[in-house]
Amino acid sequence: MVRYDYRWLVVFGCNLLLLWLVGLANHYLAHFSLLGFEHCTVSLYLGGLLVTYAALRLDSRHGWASTLLTGLAADSFTALPFGTSLVLFGMVHATLLHGRQRFPREELVFAIVVALLVNLFLFIAISFLLVGSNSRPAAAWLRLFADLLASQVAVALLTSWFMSVQNRIFYFLRQHPETGRRVAS
Amino acid sequence: MLPKRFDQAHPFALLGVVLLVWLVLPVVFKTFARSAFFEIQAPATVVDSYVDDLQNFWASELKSKEQLIKEGKDLAGLISAYSLANQTNKQLSADILRLENLLSLPSMPAYRLEPARVARRDFSGWWQRMIIRKGHNYNIPVGAPVVYSGGVVGRVIEVHAYTAVVDLVTSPTFRVAASAEGDNRPVSYQGGLNETFSPPRGTVEFVPLDLSASQVQPQRLVTSGLGGIFPPGLTLGSITLLEPSTDGLFKNGEVKLDPRLNSLTEVTILIPLNPEQP
């Protein structure tokens, strides 16, 4: 009997969950008070987390499917031209896929470092794409720097949780994320 | 079997193919895909907004009778004030109509007011937008102005089945023709100065040299009505700084926006009743 392989769907579903959670966090972070400042606002961008698992743990076919679909899903909810995240996520995915055999890609610390670097690259790339539309780009960079700092802290804190959620789902499905083979529980 | 060198470059070759396919895909497909991916995620956004409303409802149930009586009294005061304002508005509308007929002027654009709850705020350094809980199901058009009690909120830029996306007045992508209160010369307003620890600000350009404003004596900035989207006279913010531009022909400045924009829960969409004559 042919069993349908839905590994891409598992990772894509987890990414949708993360997108929803980040959206929810940004909704509440749009206005808060902190240390005597009445009108604080910060925004999180966790694009690095959306690519890391698919690029490090899944096989090429399922990883690509998950990453490209995630890119489109991320773009549909933002003001970016549709396809920007698809291209950026694709570039990151190809680079990680190319070099992943040389690194301890199953290690959590390595995943955190990769997620941080990828997030930094994606954030800076999007900033350079969009900052030109601002009437005062120099002032805009100050805000972007604060958002980047908050995003990197969030990535550092959330990577282990997000990776283990996906690992745990594959464990319950008794499936190896890379080979797709059934594994004993 | 493929040579080893090609095997190593396989991810980049695949990326090239993906990019090529994406570039040649028709725009119709991309538009459909964008809409489809948005609609896949929209239910979660709307549901958490409803859950938030439910939480507020339960929190209100905990209020004491004394508190409710006090709030009822406050509300009664507000209702009487609004009733008076409503009567004045009716009188002013009748005056406008009389003058239009007398001077054979084209009639002012009329709008249907559609209140909507805010489902999601997305206020980053790149863009500032919000998702509201009304869309095609309430005939919301793209480009419709969105307002609140403090003035302009933004304009509708995307409409989906039961949600719509609003580009905020604070966003760098938002531009509108404005004018200083009591002055009919148009200036250009753009959002985008959104710092982490202070209320949002915008910028004005092409301000006539004889206008002046400062922190002590701010100038109220209102929509000019040019461009046909926003009716004239809606508050955008207060000009708090004006300085000569580099060419010396005009002044540029900063506009202080209402901090309530960051925490809005309800907005009103102005839907033109006669879209042919905006």
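How many nonpolar, polar and charged residues does the lining of the largest cavity have? The lining has three nonpolar, four polar and one charged residues, where Ala, Val, Leu, Ile, Met, Phe, Trp, Tyr, Cys and Pro count as nonpolar, Asp, Glu, Lys and Arg as charged, and the others, Gly among them, as polar.

## Before you start

This is a predicted model, in which local features need pLDDT of at least 70 and side-chain atom pairs count only at pLDDT 80 or more, while totals for chains, interfaces and linings use all residues. Residues are numbered from 1 along each chain as its sequence is written, chains are lettered from A and ligands numbered from 1 in the order in which they are written, and side-chain values use heavy atoms, with hydrogens and water left out.

## The largest cavity

Let us stay with the cavity. A cavity is a set of points, on a 1 Å grid over the protein atoms alone, where a 1.4 Å probe fits but cannot get out, and lining residues have an atom within 4 Å of a point. There are four cavities of 30 Å³ or more, and the largest has a volume of about 40 Å³; a volume is the space filled by probe spheres set on the points, which are joined across faces, edges and corners.

Its lining is made of Asn134(A), Ala139(A), Ala140(A), Arg143(A), Gly125(B), Gly192(B), Leu193(B) and Asn194(B). Two elements give two or more residues each: H6 of chain A and strand S7 (187-193) of chain B. Helices (H or I, at least four residues) and strands (E, at least two) are DSSP runs, numbered from the N terminus. H6(A) gives the most to this lining, with three residues.

## The largest pocket

A pocket is an open set of grid points with protein on both sides within 12 Å along at least five of seven lines. The largest one has a volume of about 580 Å³. It is lined by 39 residues, and the closest to its centre are Leu19(A), Val22(A), Gly23(A), Phe77(A) and Thr78(A).

Both chains take part: among the elements giving two or more residues are helix H1 (7-29) and helix H3 (60-76) of chain A, and helix H2 (27-61) and strand S1 (111-123) of chain B. The largest share, eight residues, comes from H1(A). By class, the pocket lining has 23 nonpolar, 11 polar and five charged residues.

## H3(A) and its two partners

H1(A) packs against H3(A) at an angle of about 30°, with the axes 8 Å apart. Axes are lines fitted to C-alpha atoms, for helices over the stretch in contact, and angles run from 0 to 180 degrees between N-to-C directions. The two helices are therefore roughly parallel (angles under 35 degrees count as roughly parallel, over 145 as roughly antiparallel, 65 to 115 as roughly perpendicular and the rest as oblique). Residues of H1(A) including Trp8(A), Phe12(A) and Leu19(A) meet residues of H3(A) including His62(A), Leu69(A) and Ala73(A); contact means heavy atoms within 4.5 Å.

H2(A) also packs against H3(A), at an angle of about 170° and with the axes 8 Å apart, which makes H2(A) roughly antiparallel to H3(A). Here Leu50(A), Val51(A) and Ala54(A) of H2(A) touch Gly63(A), Ser66(A), Thr67(A) and Thr70(A) of H3(A). This contact has three nonpolar, four polar and no charged residues.

## H2(A) across H5(A)

Helix H2 (residues 47-56) and helix H5 (residues 108-130), both of chain A, have axes that come within 8 Å and cross at roughly 130°. That angle makes H2(A) oblique to H5(A). Among the residues in contact are Leu49(A) and Leu56(A) of H2(A), with Phe110(A) and Val114(A) of H5(A). By class, this contact has eight nonpolar, four polar and no charged residues.
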